[in-house]
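Let's take a walk through this fold, from the overall build down to a handful of individual residues. Keep the viewer open as you read.

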Amino acid sequence: MFKKISIFGVGLIGGSFALALKRAGVVTEIVGVGRRLETLERAKQLGIIDKACISVEEAVSGADLILVAAPVAQTEAILASIAPHLQPATVVTDAGSTKSDVVEAARKALGPKIAQFVPGHPIAGREQNGPDAAIVDLYAGKKVVLATLPENSADDVERVASAWKQCGAIIHRLTAEEHDKVFAAVSHLPHLLAYALVDDIARKPHADLLFQYAASGFRDFTRIAGSSPEMWRDITLANQPALLSELDSYLEQLAGLRALLAERNGSAIEAVYANAQRARHQWIATIEAAEKQNKQGGD
C-alpha cells in the first residue's frame with residue numbers, strides 16, 4: 001500500500017506507528033527523521049526504521065505519507081522544512097495532542113499546499129519515551145481522531161485513515177475546536193493535576209517519608225506524571241484557552257468539596273463520590289462493551 005513513509009520523530013508514537021505498519025506488511029520502506037542521529041540509529045537497530053535520514057529533502061522525496069510525531073511546538077518548523085520539497089502526491093499528517101494550534105501552524109508553514117495536510121491524533125500512549133518505548137500493538141483497538149480540513153481531498157483523508165487502520169486503530173472525526181475542548185477535559189487537565197500533585201509532595205520537607213508510604217492508589221493516580229515534561233509543556237501551552245476553562249471548572253469543584261469538608265457535611269460528600277462512582281462504572285462498561293465488539297469484529 002505504501003512504498004515509502006517518512007516519520008519525523010521515531011519515539012513512542014512514531015516508532016509504534018512504524019512497527020505496526022511493518023507487521024501489517026503494507027510499507028516497503030520507512031525513513032526516520034529526527035534531531036539526534038543517535039536516536040535514529042537506535043531506531044534502526046530496533047528495526048523500527050529502515051533508513052535514518054538527516055536531509056529533509058531526501059526524506060520527503062518520493063514519500064507516499066509523512067507523519068510528524070514530534071512535540072507540537074516543533075510542528076510549524078518541521079512543516080516549514082518539508083514545504084519546499086513536498087511533492088503533489090505526498091500526504092502529510094501529524095500525531096499532535098492539540099489540533100487548533102497545529103492547523104494554524106500548518107497553514108502558515110504549508111501555504112497553498114495546506115490541502116495535503118490531514119491533522120490527526122492517536123489516542124494512545126505510555127509513560128516511557130524514545131525508540132525503546134515503541135511497541136507494535138500500541139494502537140490496536142485505540143481511537144485515532146482525524147480533524148480534517150475543508151481543503152483535504154477524500155482520497156488523501158482515506159490514505160491517512162487506512163494507515164492507522166492497518167495499525168489496528170479505529171477512526172473518529174472531530175473538528176479541531178471540538179477536539180481541543182474534549183481533550184482539555186479528559187487528557188490535558190488530568191496530566192496537569194498529576195504533575196501538580198507529585199511536584200507538591202516532592203517539595204515538602206518530609207517528601208521522602210510521604211513517598212515511602214505512597215501505595216497503589218497514589219501510583220495509579222499519578223502514573224501519567226511519568227510522561228515527557230517537554231511534550232506536556234507544549235501541549236499545556238498549545239491548548240491554553242480550553243485548558244484554563246477546564247481548570248477553572250475543576251477549581252470550583254474543589255472549592256465546593258472543601259466547603260463541604262469544612263462543614264463536615266458527610267451526606268453531601270458521599271453524594272459527590274457516589275455520582276463519580278456511577279459515572280466511572282458506566283464509562284468502564286461502555287469501554288468494555290466496545291472492546292468486546294471490536295474483538296468479535298476482528299475474529
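Helices here are DSSP runs of H or I with at least four residues, strands are runs of E with at least two, and both are numbered from the N terminus. With that in hand, Ala-276 sits in helix α12, which covers residues 266–298. Before going further, some ground rules: this is a predicted model, where local features need pLDDT of at least 70, side-chain atom pairs count only at pLDDT 80 or more, and totals for chains, interfaces and linings use all residues. Residues are numbered from 1 along each chain as its sequence is written, and side-chain values use heavy atoms, leaving out hydrogens and water.

Now the big picture. Along the principal axes, the C-alpha atoms fill a box of roughly 65 × 40 × 40 Å.

Among contacts between residues at least 6 apart in sequence, 76% join residues at least 24 apart.

Accessible areas come from the Shrake-Rupley method with a 1.4 Å probe, and for residues only the protein chains shown count as cover. The protein exposes about 16,000 Å², with carbon and sulfur atoms supplying 54% of it. A residue is called buried under 20% relative accessible area, exposed over 50%, and partly exposed in between (1.4 Å probe, protein chains only). Buried residues make up 40% of the 299 residues.

As for charge, Lys and Arg count as positive and Asp and Glu as negative, while His and the chain ends are not counted. Each charge is placed at NZ of Lys, CZ of Arg, CG of Asp or CD of Glu. The mean positions of the 31 positive and 35 negative charges are 4 Å apart.

What about disulfides? A disulfide is a pair of cysteine sulfur atoms within 2.5 Å, and by this rule the count comes to 0.

Next, a pair of aspartates. Asp-50 lies in the loop between α2 (37–45) and β3 (51–53), and at 34% relative accessibility it counts as partly exposed. Leaving aside neighbours within four places in sequence, Asp-50 is in contact with Lys-22, Thr-28, Glu-29, Ile-30 and Lys-44. Trp-164 is 114 residues away along the chain from Asp-50, and their C-alpha atoms are separated by 19 Å. Asp-234, by contrast, belongs to helix α10 (residues 229–238) and is buried, with a relative accessible area of 6%. With neighbours up to four places away set aside, Asp-234 touches Pro-71, Val-72 and Ala-73.

Then there's Ala-202, which lies in helix α7 (residues 176–202). Its relative accessible area of 43% makes Ala-202 partly exposed. Not counting residues up to four places away in sequence, Ala-202 touches Ala-207 and Phe-211.

Most residues other than glycine have a negative phi. Arg-264 is not a glycine, yet it has a positive phi of about 55 degrees. You'll find Arg-264 in the loop between α11 (240–262) and α12, exposed at a relative accessible area of 74%. That brings us back to Ala-276, which is partly exposed at 45% relative accessibility. Ala-276 and His-85 are 191 residues apart in sequence and 51 Å apart in space, C-alpha to C-alpha.

Key. Contact = heavy atoms within 4.5 Å.
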